[in-house]
Amino acid sequence: MKKHWIIIFGALLLIIAGCQEENSKPVESNNEVKETQKKEKETASLSESNFYKPTSRKQINHVHGIGYPGNQHELFVATHLGPLIYLDGTWYEAKANNHDYMGFQAASDGFYSSGHPGEASDLPNPLGLIKSTDRGKTLEQLGFQGESDFHYLAVGYETHSIYAVNQQKNSEMDIGVYYSEDASDWNQVNLKGTPDQINGIFAHPSDANVVAITSPKGLYLSEDQGESFTPMTKGSSITSMVFLKDRIIFAKQGAASQLVSLKNREETPISMPNKIEKAIDYLAVNPQNENEISFHTSDGSLYQTKDGGESWVTLIDQGKIN
């Protein structure tokens, strides 16, 4: 089962040289103000967006990640045929930039991804590392365009630090796992103490030193940017997870999949919608509401709760939109 790795990008620090009056503030031009207002309007409401429309798609295949980008209450689903967004009972599809977003990861100001360009696109193939802050309307190319398709990325939701699993040598990386704070300088990490096989890598939202990996042998945690790991669980295959402020929610695979809350190494089961026999491959929690949990399974189903598991809604049933 494939698992996506998330890449995280740090913000650039702009140093302005020269003499300026004390407490002076830069003045935006009219064009800059209009562009800011246009961008704010674009991300304010899906129903008013000129880039998204209610979808006519009935079938969703090949999901490559889910999440809540941009601190909005919108569930973003990255698919082989472009992005879909679920909000308040309606599914929306993009009118353009319908790329195959591999390694999709949500962040506080948008999303990071890799993958392949869609039909009629003039973007290089593979996409390399990209970022969008407006639901995919515009894409910032961060590197490795035409070189690498990162299937596995991890990005800190607030820190934007990035872990990239490089499976084929490129101009800057050998095969291995690399870390960057700004998507420009990359350092290889050791992953000491991890099992031979892993399912995924996950970055802490606010602490750039903390990263976790899931594996058939359990959940492992690092507090030194992936240099060394210690086991957090034992005995069960962990297929996905998500960091919250003070705990971890992870998916345990056995006779049936389970969701478990982990705090201070104490495990508390979360009520499930029904007996889920297929593995949970993607798991996301709304940063604005930790009771809103969504997960996707390997048979193409998607479930969501807004009350911490007391009740669930099936959003996609084996690839079919409900």
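Visitor: How many aromatic pairs does the structure hold?

Guide: It holds 11 aromatic pairs. Rings of Phe, Tyr and Trp (its six-membered ring) pair if their centres lie within 6.5 Å; planes under 30 degrees apart count as stacked, over 60 as edge-to-face and the rest as tilted. Before we go on, this is a predicted model: local features need pLDDT of at least 70, side-chain atom pairs count only at pLDDT 80 or more, and totals for chains, interfaces and linings use all residues. Residues are numbered from 1 along each chain as its sequence is written, and side-chain values use heavy atoms, with hydrogens and water left out.

Visitor: Why is the pair Phe76 and Phe104 called stacked?

Guide: The ring centres of Phe76 and Phe104 are 4.9 Å apart and the planes are at 5 degrees, so the pair is stacked. Phe76 sits in strand β3 and Phe104 in strand β6, so the pair ties together parts 28 residues apart in sequence. Strands here are DSSP runs (E, at least two residues), numbered from the N terminus. Phe76 and Phe104 also belong to one aromatic cluster with Tyr101 and Phe111.

Visitor: What makes Phe76 count as buried?

Guide: Buried means under 20% relative accessible area, exposed over 50%, partly exposed in between (1.4 Å probe, protein chains only). Phe76 has 3% relative accessibility, so it counts as buried. Phe104 has 1%, so it is buried too.

Visitor: Which residues touch the most other members of the largest nonpolar core?

Guide: Those are Leu46, Tyr52, Phe76, Ile85, Tyr92 and Phe104, in a core of 16 residues. A nonpolar core is a set of buried Ala, Val, Leu, Ile, Met, Phe, Trp, Tyr and Cys residues joined through side-chain atoms within 4.5 Å. Strands β3, β4, β5 and β6 each supply at least two residues of this core, and the largest share, 3 residues, comes from β6. A second, separate core has 15 residues, including Ile60 and Val63.

Visitor: How do you know that β4 and β5 pair?

Guide: Two strands pair if DSSP finds at least two bridges between them. β4 and β5 run antiparallel and are joined by 4 bridges, with Tyr86 opposite Trp91 in β5. They form a hairpin with 2 residues between them, and Asp88 in the turn has a positive phi of about 50 degrees.

Visitor: What makes β5 "mostly covered"?

Guide: In β5, 4 of its 5 residues are buried.

Visitor: How do you know that Ser114 is buried, and what does its side chain reach?

Guide: Ser114 has a relative accessible area of 0%, so it is buried. Its side chain reaches the backbone nitrogen of Phe150 at 2.9 Å. Ser114 is found in strand β7.

Visitor: What is the mean pLDDT of the protein?

Guide: pLDDT is the predictor's confidence in each residue, from 0 to 100. The mean is 88, and 86% of the residues reach 70 or more. Over residues 1-28, though, the pLDDT is below 50, and over residues 36-42 it stays under 50.

Key
Contact = heavy atoms within 4.5 Å. Polar contact = N/O pair within 3.5 Å; in protein donor to acceptor, adjacent residues only side chain to side chain.
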